[in-house]
Amino acid sequence: ASRGAMDIEGLGEKQASLLMDRLGVRDAADYYAVTTEQLVELEGMGEVSAGRLVDAIAASRERPFARVLFGLGIEGVGEVTGRNLAQRFRTIDALLAAGPEEIAETPGIGPIVAGLIHEQLADERMRDLITRLRAAGLRLEEEGPPPGEGPLAGKAFVLTGTLPDLTREQATERILAAGGRVTTSVSKKTDYVVAGESPGSKLEKAERLGVPVLDEAGL
């Protein structure tokens, strides 16, 4: 439910624990069956807050495939790795069919982590969870052009600081939709650094390496 994953507002540890204890929620797919009527019966949950939580859960069905991968909680798959896997394989079915060697060809993933990811995706419980999330209407395919296509094809971006209007996730999704890549560290291979307020050391490194720096308007 975290901001970088499914971004379900109002679903924190306290609420998750309550739903587990009182409604029998056991995994991510169970949240999509929770109703307002069930929530209003819980202690401390009024009709307005219950409705908002159900709406927030429903809205998370629109999160892109990369964020679903991150949200699955696969060891070794964080926000960046989930994005890279989604870009490379494009669909959950292609990823489930991939062997460790194919997964290891994804940027940022070595053979040990690739084996770990493959093992977890092959687990019967994970397969069942994915089947149920598909039935719940989550996005399990990548949209936009594949890597190497689009106006930003072949360009690598690093985001740093707080942008005035876009969240980090929104800026990332726009870059990906245009065929670009977003990485976490600045190097000579970085094409652009997008800097907002309080950019920190990444901006300093970009200036030292001569990497072009953009603001949000420039992006």
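Predicted model: local features only at pLDDT ≥ 70, side-chain atom pairs only at ≥ 80, totals over all residues.
Strands, like helices, are taken here as DSSP runs, a strand being a run of E of at least two residues, and the elements are numbered from the N terminus. By this criterion, valine 194 lies in strand β3.

The secondary structure of the chain comprises eleven helices and four strands. The C-alpha trace spans about 60 × 40 × 25 Å along its principal axes. Of the 219 residues in the chain, 40% are buried. The chain exposes about 11,900 Å², of which 48% is supplied by carbon and sulfur atoms. Among contacts between residues at least 6 apart in sequence, 59% join residues at least 24 apart.

The four strands form an open sheet in the order β2-β1-β3-β4, with parallel pairing. Strands β2 (181-183) and β4 are the edge strands, each pairing on one side only. Strand β1 (residues 156-160) is joined to β3 (residues 192-195) by four bridges, and the two strands run parallel. Within this pairing, valine 193 of β3 is the bridge partner of valine 158, and alanine 195 of β3 stands opposite threonine 160.

Strand β3 also pairs with β4 (residues 213-214), in the parallel sense and over two bridges. In this pairing, leucine 214 of β4 stands opposite valine 194.

The surroundings of valine 194 were then considered in detail. The relative accessible area of valine 194 is 0%, and this residue is therefore classed as buried, the cut-off for that class being under 20%. Leaving aside neighbours within four places in sequence, valine 194 is in contact with Phe157, Val158, Leu159, Thr160, Leu163, Leu214, Asp215 and Leu219. Among these contacts is Leu214, the residue that stands opposite valine 194 in β4. Phe157, Val158, Leu159 and Thr160 are also in this set, and strand β1 covers residues 156-160. The C-alpha atom of valine 194 is separated by 8.7 Å from that of proline 212, which is 18 residues away along the chain.

Conventions: Residues numbered from 1 in each chain as written. Heavy atoms only, no water. Pairing = 2+ DSSP bridges. Buried < 20%, exposed > 50% of the residue type's maximum accessible area, 1.4 Å probe, protein only. Contact = heavy atoms within 4.5 Å. Areas by Shrake-Rupley, 256 points an atom, 1.4 Å probe, with all protein chains shown as cover.
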